[in-house]
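Hello,

Here is the structure we discussed handing over. My notes on it follow below.

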Amino acid sequence: MKTAVILAAGLGTKMWPFAEIRPKAMIPVATKPIIAHQVEALTELGFTRIVIVGGKLHGQIRNYFREHGLHSGAEQDAQILVVADEKGQGTAISLTAAHGAVGSEAAFLVLYGDTLIDTEDIKQLMEAFEERAEGELAAALVNPLQEQSPSDWICCKMEDGLVQHIIGHPRGDYTHRFCAFAFSDKFWSYASSNSGLFTSVQVGMMPPLEAHLEMSLLDAMNDGYAVRAVETKGDFVDLDKPWHILLANELVARRSCAKLTENVLAEGAAIDPSASIEGFVQLGARSRIGRNVIIEGSLIVGDDTVIENGAILKGNHIIGNDTYIGNYCFLSEGTTVGNKCVINHCAELEGVIFDTVYLYHYMEFYGVIGTATDLGAATVCGTLRFDDGRTTHRIKGRKETPREHSDAIYLGDFVRTGVNAILMPGVKVGVYSVVGSGVILEEDVPNKTLLYVKQDLVRKEWGPSRYGW
């Protein structure tokens, strides 16, 4: 098996506000798009052709791989082809759009473009497919739901190493969800004949008009084909909702930093003797760690980045290129910082910031900040509720209470805040929006919105006579 298809045409509406100006597959994880992690893993496994099916913003995917190519260290980099499914009507239709690019390959792998999958799990899926018995059309990589609600996913059960009873967003009693697939070329006819409606649901459920790949798989099973089930052993993250960005970045930071066994300094990189480092650091070209920096963990840094003058970094971190971090600012465990960012003058950060984000002057933030966002001086966010509870979010109108990061703040791309803005736990701000000075924000802000406080001034006579003169 040498060909893989990555499906990345979904609209990402549940990821608001981070899939408004980019495909969900282009959301950064450890300073590069999540789809880049997939492409590197596939190249490492020896895939020579990777077909990416993008949606209406697929030009960003094509541009990224034109600019960045592959630097996986594999003997032979894969050929990357980007095709379009601009209508975004479902994963079965997206897969069909890749048929011509896949060509005459007898077998191929399919991944979803918004997931992080352990490379060993992909390898395990490929091996299971190669060992399949006669009458097995496909193999599916499935992830145990554990504490996740089955009502959020298309689910299945496993029995005797085979997929059993695929069902969409059930109320309960289902154990696994789908992560990836390996198909024989017989599957093309099922993908192309998808009805566009997921009919395997419990009574009272309301599936949308969408051509899900899993429904085509169920059609094949109903025709007598078997599907081998392979359970994940490593970590798996699906970028479905905003808090999953934090989980994915934490995972990659922890996993990448754990691989460091010594300091690795590229040409022109330097560490000042006064810096205190408990773990190991990897510095890109011309990057440096300056005076009195405290790093309580390990750190991976890109090129031309400066960390200096009393900055404190707790735990493991990944930091991009051309970034400045200094003057007694503070980064909490697992924080990821993008390219061309500035974190300065006692700013405190926990979470993920995309490229070109500026944080200054005694501000404090926990959550995710989109590209080119500028937070005004003393902007702060509430990280705890008075009742010590978890904040309930609305995702496409549906109430959800995340198990992790429910109290984080989520700011979209090209957002600004004024001085002394206060953001309460769990709020989201849409792209191209402004939260004005002195605003206490307790609700989500739509895209392209200016929110400010209108102040009424009261004037009275005052002077020495008020003090008995």
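The accessible surface of the protein is about 21,300 Å², and carbon and sulfur atoms hold 48% of that. Areas come from the Shrake-Rupley method with a 1.4 Å probe; for residues, only the protein chains shown count as cover.

Keep in mind that this is a predicted model: local features need pLDDT of at least 70, side-chain atom pairs count only at pLDDT 80 or more, and totals for chains, interfaces and linings use all residues. Residues are numbered from 1 along each chain as its sequence is written, and side-chain values use heavy atoms, without hydrogens and water.

Next, the fold. There are eight helices and 41 strands (DSSP runs: H or I of at least four residues, E of at least two, numbered from the N terminus). The radius of gyration is 25 Å, close to the 23 Å that the globule rule gives for 469 residues, so the protein is as compact as a globular protein of that length. That radius is taken over C-alpha atoms; the rule is 2.2 Å times the number of residues to the power 0.38. The C-alpha trace spans about 100 × 55 × 35 Å along its principal axes. Of the 469 residues, 53% count as buried (under 20% relative accessible area; exposed is over 50%, partly exposed in between; 1.4 Å probe, protein chains only).

Now the cysteines. The disulfide count is zero (a disulfide needs two cysteine sulfur atoms within 2.5 Å). C156 has its closest cysteine sulfur in C155, 7.5 Å away, too far for a bond. C156 is buried, at 0% relative accessible area. For C179, the closest cysteine sulfur is in C156, at 9.3 Å, also too far for a bond. C179 is buried at 0%.

Best regards
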